[in-house]
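Dear colleague,

Please find below the structure that I am handing over to you.

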Number of protein chains: 4
Amino acid sequence: MTIKIGVIGTGAIGREHIDRIENILSGGEVKAVTDVNQESAYKAVKDYNLDATVYPDDVALVGDPNIDAVFVTSWGPAHEQSVLLAIEAGKYVFCEKPLATSAEGCMRIVDAEQKQGKRLVQVGFMRRYDEGYVQLKEALDNNEIGDPLMIHCSHRNPGVDENYKTNMAVTETLIHEIDALHWLIDDNYESVRVDFPRKTKHSHAELQDPQVFTLKTQGGVLIHAEVFVNCKYGYDIQCEVMGEEGIAKLPEVASVVVRKESKLSSNILNDWKIRFMDAYNKELQNFLDSVEKYGEPQGPTSWDGYIAAVTADACLQAQETGEEVDIKLQDTPDFYKKQVAVRN
Amino acid sequence: MTIKIGVIGTGAIGREHIDRIENILSGGEVKAVTDVNQESAYKAVKDYNLDATVYPDDVALVGDPNIDAVFVTSWGPAHEQSVLLAIEAGKYVFCEKPLATSAEGCMRIVDAEQKQGKRLVQVGFMRRYDEGYVQLKEALDNNEIGDPLMIHCSHRNPGVDENYKTNMAVTETLIHEIDALHWLIDDNYESVRVDFPRKTKHSHAELQDPQVFTLKTQGGVLIHAEVFVNCKYGYDIQCEVMGEEGIAKLPEVASVVVRKESKLSSNILNDWKIRFMDAYNKELQNFLDSVEKYGEPQGPTSWDGYIAAVTADACLQAQETGEEVDIKLQDTPDFYKKQVAVRN
Amino acid sequence: MTIKIGVIGTGAIGREHIDRIENILSGGEVKAVTDVNQESAYKAVKDYNLDATVYPDDVALVGDPNIDAVFVTSWGPAHEQSVLLAIEAGKYVFCEKPLATSAEGCMRIVDAEQKQGKRLVQVGFMRRYDEGYVQLKEALDNNEIGDPLMIHCSHRNPGVDENYKTNMAVTETLIHEIDALHWLIDDNYESVRVDFPRKTKHSHAELQDPQVFTLKTQGGVLIHAEVFVNCKYGYDIQCEVMGEEGIAKLPEVASVVVRKESKLSSNILNDWKIRFMDAYNKELQNFLDSVEKYGEPQGPTSWDGYIAAVTADACLQAQETGEEVDIKLQDTPDFYKKQVAVRN
Amino acid sequence: MTIKIGVIGTGAIGREHIDRIENILSGGEVKAVTDVNQESAYKAVKDYNLDATVYPDDVALVGDPNIDAVFVTSWGPAHEQSVLLAIEAGKYVFCEKPLATSAEGCMRIVDAEQKQGKRLVQVGFMRRYDEGYVQLKEALDNNEIGDPLMIHCSHRNPGVDENYKTNMAVTETLIHEIDALHWLIDDNYESVRVDFPRKTKHSHAELQDPQVFTLKTQGGVLIHAEVFVNCKYGYDIQCEVMGEEGIAKLPEVASVVVRKESKLSSNILNDWKIRFMDAYNKELQNFLDSVEKYGEPQGPTSWDGYIAAVTADACLQAQETGEEVDIKLQDTPDFYKKQVAVRN
């Protein structure tokens with residue numbers, strides 16, 4: 001069976017997902033597209049040679065009875081409405097981050113989904129599909145290092161442009177760690193504090209860079225999450241978990257090892273798209289496969305989207321106040337507690 | 001466009017390729033199958049839920065006008081006939097190793113293909129699609145280590161059963177290095193010699209294990225290729241190229257790094273299928289994409305199949321005689337000299 | 001010339017230094033010993049076959065006109081008096097940490113030494129002589145990674161006994177990082193805060209373990225220093241400096257690399273004495289060589305001892321209060337600013 | 001007790017050993033020197049501020065009744081005579097390689113030493129004292145990888161000058177592997193063959209570089225020993241032993257790890273003196289300690305010197321003939337079979 005997909009938002013990420021579905025993955029077909037910029041929607045149809053209807057808006061697209069699943073890849077503030085429309089129509093949703101721009105918006109989605117009685121929504125946190133994170137999660141789940149006590153992680157980009165402001169360290173960058181870390185240790189955040197080291201000379205006036213977020217969980221795990229988006233040397237994602245019996249760490253990205261000019265070296269990537277290309281592919285393939293095989297997506301849920309929203313808000317407040325800020329999550333509904341099987 | 005595929009041979013590797021085409025890759029569809037064991041063919045159709053005709057033999061399958069490309073995944077001695085049939089019918093062929101069981105057989109295929117005036121055949125040497133080999137090839141092509149002088153490589157399996165005899169070190173194991181190494185350094189083999197260290201106690205009566213093949217190329221590169229199929233510790237593929245300016249080496253397989261019980265360790269795989277899963281996927285996706293985009297497959301050619309056959313024969317003779325054996329290759333036809341672009 | 005040494009304190013560390021001077025290093029000779037336990041002093045003379053006088057106390061030993069240098073390896077609270085005696089007698093001093101048990105005590109030593117007009121005292125912070133730290137310091141001094149912004153370091157022991165209490169994480173463990181880090185980046189500490197993750201089950205009632213100290217420097221460098229003394233897996237010292245252009249990290253301890261049972265592994269030490277054996281040897285050899293060649297020791301100074309004392313006090317206060325505590329250092333006297341050449 | 005040493009040969013290596021004895025190590029004192037160039041001998045006394053007699057020749061120096069041990073660091077062809085003189089005088093000998101320039105010369109030394117009834121001679125093969133080799137030997141002796149089957153090792157220098165000819169790959173370079181490898185696996189060589197890859201453009205007319213020596217042992221171990229003295233990239237010593245249960249490999253030299261400019265890199269040394277500085281120190285300290293504690297040196301014996309001479313001769317013959325050459329060693333005398341304890 002081929003899942004018929006409608007794509008809401010044909011900007012960069014929308015086009016990439018269309019390319020994946022059409023040219024790389026198996027089991028899906030783009031049959032409808034829309035964008036606030038209709039020309040962009042028509043262009044996508046043409047560029048990817050789609051057999052797809054162009055709709056004027058998300059309402060119309062979601063209403064197409066031939067569409068099984070909706071991809072929400074529009075501008076962040078538009079996500080909530082599209083997701084709610086799709087849920088109400090009983091359609092599957094793959095929604096890029098953020099699920100909604102507020103905790104309340106996420107909660108509206110959570111409520112709507114529960115009313116439908118089954119999971120329909122997967123949020124685009126692709127880290128969980130990265131082979132290194134999968135291995136790290138397995139090591140933890142297999143109790144290879146005992147119960148976790150501390151995490152030290154780093155999210156480093158070689159550089160960002162002037163549009164990237166201090167708060168985007170949370171909404172655009174740390175957001176991936178926010179999702180990945182609570183999933184990794186199966187724990188909830190309790191508080192966050194931010195430290196600002198001296199600003200690197202490679203940053204600009206409106207960006208404090210680097211930043212270190214100290215998160216504490218209900219289980220007592222202490223997390224230091226460094227965000228450093230003008231680190232110059234490359235795109236580098238590090239994550240190390242200290243447990244009661246040992247320590248486990250993300251592998252370095254595999255790279256040919258060269259001995260030359262008195263150096264033993266391997267390559268560090270510069271591009272996050274290359275770093276997580278496989279994860280993006282596996283994420284979408286898993287969405288398609290899960291919907292077909294189990295009738296429910298198995299990836300990050302609406303509840304994960306809610307956790308990310310609440311935590312990100314607290315991180316922003318911590319940035320502004322310089323204080324330790326509580327992260328107040330509602331109790332996880334049973335609906336979202338059942339086991340998730342992300343690996344094929 | 002979806003490429004319509006006929007599969008000749010529905011044993012283990014045939015079924016895996018069917019699964020890839022149907023459930024993992026994009027752009028292909030299995031529309032016909034055959035097997036000397038007709039039940040096996042019917043079972044494949046059922047197991048993979050194929051919309052495919054079961055044919056009594058390769059002649060009939062190749063004759064189906066709806067089939068664009070033929071996958072030859074039958075027993076080795078049957079390959080030559082099926083490939084020749086497909087070429088004569090002007091169809092694309094993906095043929096698992098060996099292309100043919102003799103140099104003469106390979107040459108017949110080479111001749112037939114040239115008569116058709118374009119490349120139709122890709123041989124299933126998947127190493128060229130492994131990310132590590134691709135990086136190593138790029139390092140060489142970019143002259144990062146200067147001209148190559150020596151290669152040291154190892155092909156190690158944790159263990160083999162009693163059906164695996166001394167000669168299979170060539171035909172089943174070294175065959176991958178035979179293809180990958182001449183591609184890597186763009187050079188032709190000239191001679192081979194075999195050294196037998198003391199046999200490991202984990203081998204059996206009819207298997208000399210390990211073995212080391214010393215190959216010399218026309219360009220003067222000295223290659224030591226170790227085959228060790230009862231190495232116990234894991235499935236491990238190593239390859240290091242010593243050049244005039246430096247050395248480049250395949251990366252280790254990325255693995256979570258653990259500190260525990262006084263050891264800093266990462267995992268070594270045991271299963272070649274996991275080791276080269278991505279390479280198999282990329283190999284077939286590249287075949288499908290190349291046929292669609294360029295009208296010719298871009299992977300290992302019939303001529304590569306011929307080189308492998310001649311070289312393997314010399315290696316077998318070297319095993320038997322204990323002498324250095326010449327590898328006498330005919331000159332590469334211009335037809336097979338044009339640039340091959342394997343990477344998407 | 002052989003430097004004639006008097007050793008005050010013939011406990012474990014005193015005996016080790018005697019062994020080094022007599023049996024491993026060049027240029028020193030133990031000619032006098034004393035200990036509050038006189039039997040211990042006599043035993044050291046006998047065990048190491050010393051040609052040395054046993055004195056009843058530090059006053060008598062320091063008064064021996066044949067003694068060029070005094071090693072203070074007694075109980076911490078006794079250090080200050082012995083060091084002051086030696087300084088007043090114009091003798092060189094190698095003093096194990098702590099230089100004195102209070103900032104005021106250290107300042108009395110600093111004042112006394114300045115009155116003598118030349119550096120006489122070296123404090124036993126051996127990390128600066130560790131090959132890895134030396135390389136890291138060179139990388140920073142050579143501006144290989146630009147100006148430092150953050151440091152992440154870990155001090156992990158496999159386990160400690162019940163005598164080790166929470167405060168000893170500062171006085172016995174972190175004290176080494178306190179000295180090494182300000183030396184590494186040539187900066188002064190400004191504040192410290194402590195976070196306590198959930199206590200590992202391998203700790204005991206009176207020990208909060210692990211602990212993470214967040215230190216900030218006058219230059220704006222943010223330091224996370226983890227102390228984890230029941231980490232189980234080994235003795236492991238990590239230090240990574242994030243700079244404006246790149247990152248530099250202590251090397252792992254060199255160890256044979258083994259492939260076995262599906263693991264690629266190297267060994268982690270369990271014993272700090274083995275980890276820093278070379279550093280201890282180089283530290284003392286450098287003391288002996290510097291005294292002979294330059295007439296002044298070149299290692300950690302009394303001022304470094306003072307910095308360690310003030311910083312450790314703040315760390316202890318941070319442990320008790322849970323607050324961020326200021327580290328108020330007096331200005332560095334010019335006397336202690338001149339260049340130190342620690343490497344032969 | 002201080003061992004009184006006479007040094008025969010005050011060239012570069014002689015001076016370095018004098019420096020070690022006087023300024024780095026414990027337990028030895030240079031009391032006599034000689035050199036065919038008497039000025040060189042006088043200069044050494046002055047430069048190192050020695051309390052030593054300058055003798056006109058080795059006969060006179062060995063005759064000094066105050067001398068306990070003789071260091072033979074003269075020109076290779078002079079070694080045999082000096083060593084024999086020292087043995088006949090019952091003195092300990094530390095002799096740099098070669099012990100003698102012929103197998104017969106070595107055998108004369110072996111015979112003379114046996115007549116004295118105890119081991120007097122240690123040959124300067126310092127690899128056995130390198131921490132990496134010690135660990136590798138321990139791994140093998142502890143049966144961590146089972147019985148050895150193959151060894152792959154490399155000896156690479158960044159470059160050599162025009163005085164270095166093809167045969168010196170054996171006498172100056174491979175000679176270290178010849179000693180280290182048979183010690184490592186406790187086995188005897190049986191044959192050797194040489195392969196010459198294409199010569200690197202960085203070599204010169206009279207030097208075939210690189211070369212690969214294939215050695216076989218009586219126990220069936222197959223050794224590939226690469227000598228590559230114009231490898232450009234650094235001084236690099238590699239050694240990997242493949243056993244029946246696993247593989248063990250020399251560690252890389254510990255080096256600070258840097259992330260910078262899209263590379264993760266560590267440093268490779270260029271200077272063999274730095275690479276083996278610790279090994280040289282430990283080698284001589286072990287000689288001094290063993291002589292004092294056990295009355296016999298515990299390092300490489302005259303018999304090891306004989307093995308090196310016979311094997312090197314066969315390697316030279318293999319270079320010239322291009323054939324596999326037998327290595328015919330006499331049976332090891334019981335005198336040289338007793339356990340050697342090289343580690344303190």
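**Contacts between chains and domains**

Chain C and chain A bury about 2800 Å² between them, with 54% of that area on carbon and sulfur atoms. Please note that this is a predicted model. At this interface, 33 residues of chain C are in contact with 33 residues of chain A.

The rule finds eight salt bridges across the interface of chain C and chain A. In one salt bridge, the side chain of A:R198 meets that of C:E244, at 3.1 Å from N to O. On the side of chain C that touches chain A, at least two residues each are supplied by β7 (148–156), β8 (189–195), β9 (211–217), β10 (222–228), β11 (236–243) and β12 (246–249) of chain C. The largest share, five residues, comes from β7(C). By type, the residues of this side of chain C divide into twelve nonpolar, nine polar and twelve charged.

Within chain A, there is a division into domain 1 (3–127 + 278–308 + 329–343) and domain 2 (141–271). Their centres, taken over C-alpha atoms, are separated by 27 Å. Ten residues of domain 1 of chain A are in contact with 14 residues of domain 2 of chain A, and the two domains bury about 1100 Å² between them, 60% of it on carbon and sulfur atoms.

Two salt bridges are counted between these domains of chain A. The side of domain 1 of chain A that touches domain 2 of chain A comprises six nonpolar residues, one polar and three charged.

With kind regards

Methods:
Residues numbered from 1 in each chain as written. Chains lettered and ligands numbered in written order. Predicted model: local features only at pLDDT ≥ 70, side-chain atom pairs only at ≥ 80, totals over all residues. Heavy atoms only, no water. Domains from an automatic or database assignment. Contact = heavy atoms within 4.5 Å. Buried area = accessible area lost by both parts, 1.4 Å probe. Salt bridge = Lys/Arg side-chain N within 4 Å of Asp/Glu carboxyl O. Nonpolar A, V, L, I, M, F, W, Y, C, P; charged D, E, K, R; others polar. Helix = DSSP H or I, 4+ residues; strand = E, 2+ residues; numbered from the N terminus.
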